[in-house]
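Thank you all for coming. I would like to walk slowly through one structure this morning, so please have the sequence and the picture open as I speak.

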Amino acid sequence: MDQEQVTPFCREVSRSEIEKTLFGTCRHVSSGLFPGCYDNCMMYEVIVLKEGYSVKDGPGHQKACGSITLLRGAHTILVDTGNPWDKDLIIEGLHEHSLLPEHIEYVVCTNGHTDKVGNLNLFPGALHIVSYDVSVKDRFLLHQFGEGIPYEIDEHVEVVPTPGHTGSDVSVIVKNTALGTVAVTGDLFERFEDLDQPHLWQENSEQPEQQEQSRIAVLRQADYIVPGHGPMFQVPPDSKKQLRVVVYEEHMGMLMGDLAVSQDYSVWEEEED
């Protein structure tokens with residue numbers, strides 16, 4: 001076969017090439033192309049299309065769905081796409097804001113779990129960031145999330161690595177909003193209550209110590225957090241001034257011939273610089 005006739009299924013390309021393919025020669029899309037887009041100077045709006053939840057459903061079972069969040073500003077961004085049965089909810093939620101799926105420019109999935117990636121196929125023309133992968137269709141960009149480098153969407157929005165729940169979670173930091181800085185974090189934070197009840201996030205964490213550090217980094221800068229499985233909440237002032245980390249460990253063993261469970265808590269506090 002003539003080598004010039006072979007088209008590779010997937011190849012690594014530069015970020016500028018991907019953005020040129022998606023947006024044309026200009027990175028900041030004009031509102032004429034995307035009806036949902038605002039001018040670059042306007043504030044971002046954070047719209048929770050669906051509040052995530054997680055409830056126990058018997059031993060070893062739970063019912064759960066992740067939060068689905070729309071960001072509207074200089075770009076139109078969807079953070080996490082829910083479970084596959086959330087398709088109609090997403091379409092209706094976008095319609096309420098005069099948007100169609102094709103108007104979404106960026107889709108960010110904070111990890112690869114099914115309650116985050118269930119409706120990616122609604123947005124075939126968007127730039128996808130799924131955990132540490134960045135792609136448009138079959139074209140992939142190598143971005144060094146693993147080295148701690150954020151992916152900047154614009155001067156107000158960046159996707160930052162926040163590993164711990166899995167080894168490659170990301171969060172979206174939105175700086176220019178009416179609420180201040182909003183962090184859309186996926187499972188980095190389960191819900192507000194996990195600030196004082198660490199087992200809520202630690203029991204599902206692949207790397208709890210690393211997740212602690214990611215949580216601390218987000219608490220330092222966020223005014224509000226959209227967690228993975230609960231309503232958006234304001235970061236308590238004490239959490240920004242004094243970072244309190246509670247490490248929860250559960251141990252199982254035999255005590256006088258019976259199975260026993262012990263729980264250990266260690267607490268350390270760090271004053272903000």
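Let me begin with S98, which sits in the loop between α2 (87-96) and β7. Before we go further, please keep in mind that what we are looking at is a predicted model. The phi angle of S98 is near 60°, a positive value in a residue other than glycine. Is S98 buried or exposed? Its relative accessibility is 58%, and because anything over 50% is called exposed, S98 counts as exposed.

With a relative accessibility of 64%, K137 counts as exposed.

Now let us turn to the interior. In soluble globular proteins, nonpolar side chains tend to be buried together. In this model the largest nonpolar core has 25 residues, and those touching the most other members are L71, I77, I129, Y151, V159 and V172. Several elements give two or more residues to this core, including β6 (76-79), β8 (127-130), β12 (157-161) and β15 (224-227), while β13 gives the most, with 3 residues. There is also a second, separate core of 16 residues, which includes I47, L99, L120 and F123.

Which residues does V159 meet, if we leave aside its neighbours within four places in sequence? V159 is in contact with V108, I129, F145, P150, Y151, I153, V170, S171 and V172.

Next comes T110, in the loop between β7 and α3 (114-117). T110 has a relative accessible area of 0%, and it is therefore buried, since the cut-off is under 20%. Setting aside its neighbours within four places in sequence, T110 is in contact with a list of residues that includes V79, D80, K116, S131, V184, G186 and D187. As for D187, its C-alpha atom is separated from that of T110 by 7.7 Å, although the two residues are 77 residues apart along the chain.

The structure holds 1 cavity of 30 Å³ or more, and the largest cavity has a volume of about 40 Å³. Its lining is made by G66, S67, T69, V79, D80, K116, V184, G186, V226, P227 and G228, with β14 and β15 each supplying at least two of the lining residues.

What about the cysteines? C65 counts as buried, at 0% relative accessibility, and C109 is likewise buried, with a relative accessible area of 0%. The count of disulfides in the model comes to 0.

Helix α5 covers residues 208-221, which is 14 residues, and at 1.5 Å a residue it should span 20 Å. Its end C-alpha atoms are 21 Å apart, which agrees with that expectation. Which residues of α5 are buried? They are Q211, E212, S214, R215, I216, V218 and L219. When you look at that list, remember that an α-helix has 3.6 residues a turn, so residues three or four places apart point the same way.

How values were computed:
Residues numbered from 1 in each chain as written. Predicted model: local features only at pLDDT ≥ 70, side-chain atom pairs only at ≥ 80, totals over all residues. Heavy atoms only, no water. Disulfide = S-S within 2.5 Å. Buried < 20%, exposed > 50% of the residue type's maximum accessible area, 1.4 Å probe, protein only. Core = buried A, V, L, I, M, F, W, Y, C linked by side-chain atoms within 4.5 Å. Helix = DSSP H or I, 4+ residues; strand = E, 2+ residues; numbered from the N terminus. Contact = heavy atoms within 4.5 Å. Expected span 1.5 Å × (residues − 1). 1 Å grid on protein atoms, 1.4 Å probe; cavity = no way out; pocket = protein on both sides within 12 Å on 5 of 7 lines; lining within 4 Å. Points joined across faces, edges and corners; volume = space filled by probe spheres on them.
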